[in-house]
Amino acid sequence: MLFLELNHAKCKTYLLASETARKAALIDPLKERIDRYLAVLAYHGYRLEKIIDTHTHADHRSGAAELSDLTGAPVVMHRRAPSPHVGIHVGDGDSLALGDERLRVLHTPGHTPDSISIVADGRVFTGDCLLIHGTGRADFAGGDAGAQYDAITGKLFALPDATIVLPAHDYRGHTQSTIGDEKRSNPRVTGRSREGYIELMKNLGLPLPEGIQEALQPNQSEVDAAQMKFPTLSQLNGVRQLSPSELAARMKGPNPPVLIDVRERDEFTGELGHIAGAILIPLRELTERAGELEPHRGRDLVAICRVGVRSTTAAAILTGLGFEQVWNLKGGMLDWSDARMPIEH
Ligand SMILES: [Fe+2]
C-alpha cells in the first residue's frame, strides 16, 4: 500500500493507496490544499475512492466536502459526525474497502464524540485521540477525557506494538512513533489511572484555538460565514436542551412544541427520517426564512438536526431573533431513533 504525508506541517493529511487497484483514500484533507491533493492523485494516477475525516475539526477548515463535490468520492465519518455531507457513516469495527486493501475503523471518542482511528497496513491513523507522546485535548463541546482514556488504553494499545502511530496533528516536530513506544512512554497516559488522566486533562488550562468558531461552525454545518452569521460561544452555551424522552412527553402534553428540523432535504427524508409534523428549514436558510415562524411566536420551539449540533446553532439564532421559548433536541434524530421513538420518512 502506498502511503504519503501530504502537508509536512502541524496539521497532517495522509494519502493511502492500493497500488494494484490504483485507488486512493485521503485522511483529514485541508480545504486550502485541495489543489495540491488533486495534483498528487493525478501525478500518481490514482482515483480518489474515499475521503475520511477522523473527526469534526475545530482548528482548520476541512476540505472533505469540497473534494467530494469535485471528485464524487464519498466523505467517510463516524455516525455521530454533525456534518450534513457524509456519504458513509461508520461505527466501531467497520471495515472499508480500498481496492483489495481493507481499512478498519475504531471508534476512539473523547477529543470529540465522533473521533475515529483507522487501522491499515501496520499503521494506525489516530486523529486527535492519541498524539505522538501526547493526547488531543478533551475540553471542547462533547469532549470526554474518560472516554478518551478508555479508547487509548482499551482499543489503540490493544494493537500490535509495532503499529506505526500517525496522528492528525503534531506540534512539536515528532515524526514517528509506534503503539509500543506510546505504551511505554506517553507522558499523559503511561502509568496513569483513568481518574488521574481525567484530573490531568481537566487542569491543562489550554486557551481555545484562535478562530475556533470560524472553523468549527462551517465544518459542522457546511454553511460558511459568508452565508450566515454564526452565534457566539456564550449564545451556544445558553441553549436549553431536551432529551428524546423529554421531547416525547412534551409532544403529548397540552401545549405541544413546534418542531423545526434544520437538516438538508435529503437527510429529512433519508435513513433517520424525521418526526411527524416537523417543519423543514435547512440551517443555511434559517435566517432568511425565520419569518415563516412568526405565526408560532409565543409557542415553544424545538430545533432538531442529526446529532444536535447544527440545531444548537439554530436554537441560538432563533433566540437571537427574539423567539423566547426555544429548545434543542439533544443528540438529534440519531438519539431519537436509537431511543426507538416514532419517525416518518
Ligand atoms: Fe481535532
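Is Asp 121 buried, partly exposed or exposed? Asp 121 is partly exposed, with a relative accessible area of 44%. Buried means under 20% relative accessible area, exposed over 50%, and partly exposed in between (1.4 Å probe, protein chains only).

This is a predicted model, in which local features need pLDDT of at least 70 and side-chain atom pairs pLDDT 80 or more, while totals for chains, interfaces and linings use all residues. Residues are numbered from 1 along each chain as its sequence is written, and side-chain values use heavy atoms, with hydrogens and water left out.

**Stop 1: salt bridges**

Arg 123 counts as buried, at 16% relative accessibility.

Next, select Arg 47 and Glu 49. Their side chains meet in a salt bridge of 3.4 Å, N to O. Arg 47 is exposed at 54% relative accessible area. Glu 49 is partly exposed at 21%.

Now select Lys 183 and Asp 161. Their salt bridge has its closest N and O atoms 2.8 Å apart. The pair links distant parts of the chain, 22 residues apart: Lys 183 sits in helix 4 (residues 179-185), Asp 161 in the loop between helix 3 and strand 13 (164-167). Helices (H or I, at least four residues) and strands (E, at least two) are DSSP runs, numbered from the N terminus. Both partners have intermediate values: Lys 183 is partly exposed at 32% relative accessibility, and Asp 161 is partly exposed at 39%.

Then select Arg 79, Arg 80, Asp 335 and Asp 338. Salt bridges that share partners join these four into one network.

**Stop 2: helix 1 and helix 2**

Select residues 34-44 for helix 1 and 64-71 for helix 2. Their axes come within 11 Å and cross at roughly 45°. Axes are lines fitted to C-alpha atoms, for helices over the stretch in contact, and angles run from 0 to 180 degrees between N-to-C directions. Helix 1 and helix 2 are therefore oblique to each other. Angles under 35 degrees count as roughly parallel, over 145 as roughly antiparallel, 65 to 115 as roughly perpendicular and the rest as oblique.

Show the side chains. Ile 34, Tyr 37 and Leu 38 of helix 1 meet Glu 66, Leu 67, Leu 70 and Thr 71 of helix 2. Contact means heavy atoms within 4.5 Å.

**Stop 3: helix 3 and helix 5**

Move to residues 145-155, helix 3, and 194-202, helix 5. These axes come within 9 Å and cross at roughly 130°. Helix 3 and helix 5 are therefore oblique to each other. On the helix 3 side, the contact is made by Ala 145, Gly 146, Ala 147, Gln 148, Tyr 149, Asp 150 and Ile 152. Helix 5 brings Arg 194, Tyr 197, Ile 198 and Met 201.

**Stop 4: His 345**

Finish at His 345, in the segment after helix 12 (332-338). His 345 is exposed, with a relative accessible area of 58%. Which residues is His 345 in contact with, leaving aside its neighbours within four places in sequence? Select Thr 269, Gly 270, Glu 271, Leu 272, Gly 273 and His 274.
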